[in-house]
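This briefing walks through selected features of one protein model, beginning with a single loop residue and moving on to sheets and helices. Please keep the sequence and the structure side by side while reading.

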Amino acid sequence: MPPAEPFPAAAPPAAAEAPGAQPPAVDPPPEAQAPAPAAVSVEDPNASPDAILIRRTLGEIGPVADQVTSYFYALLFVRHPDLRSLFPVAMDAQRDRLLKALLTAAEHMDSPAVLTDYLRQLGRGHRKYGTRATHYPAVGEALIGALTRYATNTWDEETEGAWVRTYTTISQIMIDAAAENEQHAPAWWQAEVVSHELRTSDIAVVTVRPDQPYPFLAGQYTSLETPWWPRVWRHYSFASAPRPDGLLAFHVKAVPAGWVSNALVHRAVPGDVLRLGPPAGSMTVDHSTDNGLLCLGGGTGIAPIKALVEDVAERGHRRPVEVFYGARHDQDLYDIDTMLRLQQVHPWLSVRPVISEGPSLGLTGRLPEAVRDSGPWHEYDGYLSGPPGMIRSGVDALRGVGIPVERIRHDSLEELVAAAT
C-alpha cells in the first residue's frame, strides 16, 4: 500500500485511492501515506530532546486539530496568496492533509532511515505541483504561527527552536531531492488513454501511453491527475512489470465520493490525456536472494502483485511465488482469470483465492488467517498490497509465522514507521 502528501497535498484520501488497493472511501492512497502517531511516549528515554518537545506540542493540539488546520491555511493564503493556485479549487477536499503530513513527519524525526526515504519521494513528487524551494519558508511560517496560537500551554522559546530545527530538516531533504531529480526527469509525464476495460460495475483496467519513456520498477506506484479534476492527484500501482511497448496499466476501483477514481472508471475513454507524477514505492523484488515470495493482495491490491509475478518471470529465475488473492465475494475476484493463466504458464507460481464472506471455490475466511494456516513461510519474503486494515493485519500475520520485519515489503509508511519504532 501506499501514500498523505505534504506540500501541496492533493485532495483527500478518505478511504482509499491508494496504489494498488484502491488503496488506498473518499479517494485515498497507498499507498504514500504520512506516518501515524508514533508508538513512543513523550518521556521515552530513547527519544531526542526535540522529539519530546514536539510530541508534547502534538498532544496539546490534538483535541483542536480542526481549528489548527483552518488557522494554518488562513495564515498561508493571506500572507502568501500566490500559493493558493497550487492547491485544488475545493479546499474541503484538501482539509488537513498538508498540515497532518508536516506534523506526523516532525513526530517521526527519530526514525531517520524510514522518514528520509519518504521525504525524498515527496520532494521529487511535489515537483508536479509547481513547488519551488522558495515556497517552503512560507509553509514553515504558517506552521509555526498555527502552533504558537494553539499550543499555549507547551509553547516556549525552547519548543519553538525544536520545531524550527525539525521543519528545516524536513524541508531541506525535500528540496535537495527535488533539485537532484530535476537534473534527469520531468516534473510530470503526459499519458494518453489507449484502452479502457470495465471489469465490473466499479472496476476498470486503464492503459495509457506516456509521451516519453517512463522508468519504473514492478511493484511501484505513481500519482495521477485527470483533466476533470485539476491539481487533484491520486496514487495507483502499476499493474504490470515494465513492457517493451512502454504502455502502463492501472486497476481502478470507483469509491464513494472518489473524484479521481469515478472519473477514471466511468468517464475516461481512449484519447483522453492524463498526467503522471514520478514513480515511487519500495515494494519491489529483491533479486539478490533466492527466497520465495509470499504475496498478499486484497481487492485492487492484486495489481502490483501481478506486476511482481511478471518481474520474477522475466528474470527467468525459478523461485517459488505464493499469491493469496483476497476479496469479499467470488465475484469481487475481478482479475482471477489473469492470475490463474499465469499459474498455468509458470509452475513455480501458486494462486489461492481467499473469500471472506459467503461460500467460495477457494479458501474461505480472512486473508491473514488463511496465510497462517498454509505455512511454513519462514524462508519467504512477504509482499502486501491492499486496504490499510489488510496491510496491518497482514504484517502481524507474516511476523507471526516467522518472517522478519525487514523482509516484509509494502508501501504504507504508517506500518513501516510502526515497525521501526
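Ser374 has a relative accessibility of 19%, and because the cut-off for a buried residue is under 20%, Ser374 counts as buried. The model is a predicted one, and Ser374 is placed in its loop between helix H11 (367-372) and E11.

**Surroundings of Ser374**

- A polar atom of the Ser374 side chain lies 2.8 Å from the backbone oxygen of Ala370.
- When residues up to four places away in sequence are left out of account, Ser374 touches Phe324 and Arg352.

- Thr131 sits in the loop that runs between helix H5 (112-125) and helix H6 (136-150), and its relative accessibility of 14% makes Thr131 count as buried.
- The side chain of Thr131 places a polar atom 3.1 Å from the backbone oxygen of His126.
- Ile175 is 44 residues away from Thr131 in sequence, while the distance between the two in space, taken from C-alpha to C-alpha, is 9.4 Å.

**The protein as a whole**

- The protein contains 13 helices and twelve strands, and 57% of its 421 residues are buried.
- Its accessible surface amounts to about 16900 Å², and carbon and sulfur atoms account for 52% of that surface.

**The parallel sheet**

- Six strands make up an open sheet with parallel pairing, and their order is E10-E9-E8-E7-E11-E12.
- Strand E10 (363-364) and strand E12 (408-409) are at the edges of this sheet, and each has a single partner strand, so one side of each is left without a neighbour in the sheet.
- Two bridges in the parallel sense pair E10 with strand E9 (residues 349-355), and Ile355 has Thr364 in E10 as its bridge partner.
- Helix H12 (residues 388-400) lies across strand E7 (292-298), strand E11 (380-385) and E12, and the direction of H12 is at about 170 degrees to E11.

**The antiparallel sheet**

- A further open sheet is formed by six strands in the order E4-E3-E6-E1-E2-E5, and here the pairing is antiparallel.
- E4 and E5 are the edge strands of this sheet, each of them pairing on one side only, and from one strand to the next the twist averages 40 degrees.
- E2 and E5 run antiparallel and are joined by six bridges, with Val205 standing opposite His251 in E5.
- H8 packs on the sheet and touches E1, E2, E3, E4, E5 and E6, and the direction of H8 makes about 115 degrees with that of E5.
- Within helix H8 (residues 259-266), the buried residues are Val260, Ser261, Ala263, Leu264 and Val265.
- The cover over these buried residues of H8 includes strand E1 (189-198), strand E2 (203-210), strand E3 (221-225), strand E4 (233-237), strand E5 (248-253) and strand E6 (273-276).

- Five of the five residues of E3 are buried, so E3 is largely enclosed by the rest of the structure.
- Tyr221, Ser223 and Glu225 point one way from E3, whereas Thr222 and Leu224 point the other way, and all are buried.
- E3 pairs with E4 in the antiparallel sense over five bridges, and in E4 the bridge partner of Leu224 is Arg234.
- E3 is also joined to E6 by two bridges, the two strands running antiparallel, and in E6 the bridge partner of Leu224 is Leu276.

**Packing of helices H1 and H7**

- Two packed helices are described by the angle between their axes and by the distance between the axes.
- For helix H1 (residues 49-61) and helix H7 (residues 157-182), the packing angle is about 105 degrees and the axes are 9 Å apart; that makes H1 roughly perpendicular to H7.
- On the H1 side, the residues that make the contact are Asp50, Leu53, Ile54, Thr57 and Leu58, and they meet Glu158, Thr159, Ala162, Trp163, Arg165 and Thr166 in H7.

Definitions and conventions
Residues numbered from 1 in each chain as written. Predicted model: local features only at pLDDT ≥ 70, side-chain atom pairs only at ≥ 80, totals over all residues. Heavy atoms only, no water. Helix = DSSP H or I, 4+ residues; strand = E, 2+ residues; numbered from the N terminus. Buried < 20%, exposed > 50% of the residue type's maximum accessible area, 1.4 Å probe, protein only. Areas by Shrake-Rupley, 256 points an atom, 1.4 Å probe, with all protein chains shown as cover. Pairing = 2+ DSSP bridges. Contact = heavy atoms within 4.5 Å. Axes fitted to C-alpha atoms, helices over the stretch in contact; angles between N-to-C directions. Polar contact = N/O pair within 3.5 Å; in protein donor to acceptor, adjacent residues only side chain to side chain. Parallel < 35°, antiparallel > 145°, perpendicular 65-115°, else oblique.
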